[in-house]
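Colleague: Could you take me through the salt bridges and the packing in this structure, setting each value against its definition as you go?

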Amino acid sequence: MVEKTKRNIFVKEGNWMKKIIIITTGGTIAMKYDETKQGLVPAVSGDDLVEAVPALRQVAEVEVVEYANVPSGHVTPAMMLEIAHLADQYASRPDVAGIVVTHGTDTMEETAYVLSLACTTTKPVCITGAMRGASDMGYDGLANLLGAVRVAACPEAAGRGALLIFNDEIHAAAQVTKGHTVSCSTFISPMWGPVGYIYFDGIVFRRSSQVVEKLPTEQLTEGVELLQVYAGMDGRMYHYLADRPVQGLVVEAVGCGNVPPKVMEGIAYVRSKGVPVVLATRVPAGRVAPVYSYLGSAGSMEPLALLLAGELSGPKARLKLMLALSHTHDNDELQKIFAEPLY
């Protein structure tokens, strides 16, 4: 995917304003109801989206870059990295104060995390979208876009990694997840909550994003798979993936990093092939921890030298491994990349 167009939407003459780049990728925020297809479809251009928010003129000079107009389920990790490179390209301009990416909500948290890891700029990078289409009552896209531009123009947003802006809340990319299939308040950070809020008269940050990791790369490693553990699961899929072979594997375990005995055997087979394995948890909140020592527990698998995902979800741990493998395939070095600082 390549950049399609770029346009200046507003320039305030005689009074310098901050310039914000809006990179549009599609999603519900750019969709309308189609009578023939009986559902929402891509229909709104980046220009249309920005022109529908006159209040932007009071916040910033806005430049639109149309990257794509696709549902977020069509966005691949390679595209996410392209968007990160595009954000860095525009952020390198001295006249640009921040970046906003519009995106579908289904994989928004994943793109946000790639932006946080891969973007080298310290300027604000914000991502937002909508849960309702542009033709729906209560369309939330315009308010979310305005909020994202306001945060991107806020100096206090700099250096925090990518921020997900939704429903007047500001979330850290590593912590946020989609929590409801249709609600406009869908995005939550289960353990720590938002890092800030958007008010009518200002932006408020109440905590830092703690450690903002960086794994910039020109190309990520494909062939990294994700398996979620369930009761009674055996090792067949693990053997299949190891023999395929995969470049890496993320296992979303139960509890604090535990798996059935047959899954442990499958993981051991994957590791015997030299494939790095990340141990995550399918639980929405909490970190992977070797608390137990019974067969299949995280503690019992310590000899396998697994990479612990900490508080990262399985999908985010997969993206981190894809980026990390572009730097090294050495398991000891990968363990350092995945090491979680504790405070």
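Modeller: I would begin with Arg236, which counts as exposed at 65% relative accessibility. This is a predicted model, in which local features need pLDDT of at least 70 and side-chain atom pairs count only at pLDDT 80 or more, while totals for chains, interfaces and linings use all residues. Residues are numbered from 1 along each chain as its sequence is written, and side-chain values use heavy atoms, with hydrogens and water left out.

Colleague: Why is Arg236 called exposed?

Modeller: Exposed means over 50% relative accessible area, buried means under 20%, and partly exposed lies in between, with a 1.4 Å probe and protein chains only. Arg236 has 65% and is therefore exposed, whereas Asp234, with a relative accessible area of 23%, is partly exposed.

Colleague: What makes Arg236 and Asp234 a salt bridge?

Modeller: The term requires a side-chain nitrogen of Lys or Arg within 4 Å of a carboxyl oxygen of Asp or Glu. The closest N and O atoms of Arg236 and Asp234 are 2.8 Å apart, and the pair forms a salt bridge. A search of the whole structure finds twelve salt bridges.

Colleague: Why is the pair of Lys19 and Glu61 said to tie together parts that are apart in sequence?

Modeller: Their side chains meet in a salt bridge at 3.2 Å, N to O. Lys19 lies in strand β2 (residues 19–26) and Glu61 in strand β5 (residues 61–70), so the pair joins parts that are 42 residues apart in sequence; strands here are DSSP runs of E with at least two residues, helices are runs of H or I with at least four, and both are numbered from the N terminus.

Colleague: Are Lys19 and Glu61 buried or exposed?

Modeller: Lys19 is buried, with a relative accessible area of 8%, and Glu61 counts as buried at 13%.

Colleague: Which residues are linked with Lys19 in a network of salt bridges?

Modeller: The network links Lys19, Glu61, Glu63, Arg93 and Asp95. Within it, the side chains of Asp95 and Lys19 meet at 3.2 Å, N to O. That pair links distant parts of the chain, 76 residues apart, with Asp95 in the loop between α2 and β6. Asp95 is partly exposed, at 31% relative accessible area.

Colleague: How do you know that the span of helix α4 is close to the expected one?

Modeller: The expected span is 1.5 Å times one less than the number of residues. Helix α4 (residues 141–152) has twelve residues and reaches 16 Å from its first C-alpha to its last, close to the 16 Å expected. Among its buried residues are Leu145, Val149 and Ala152.
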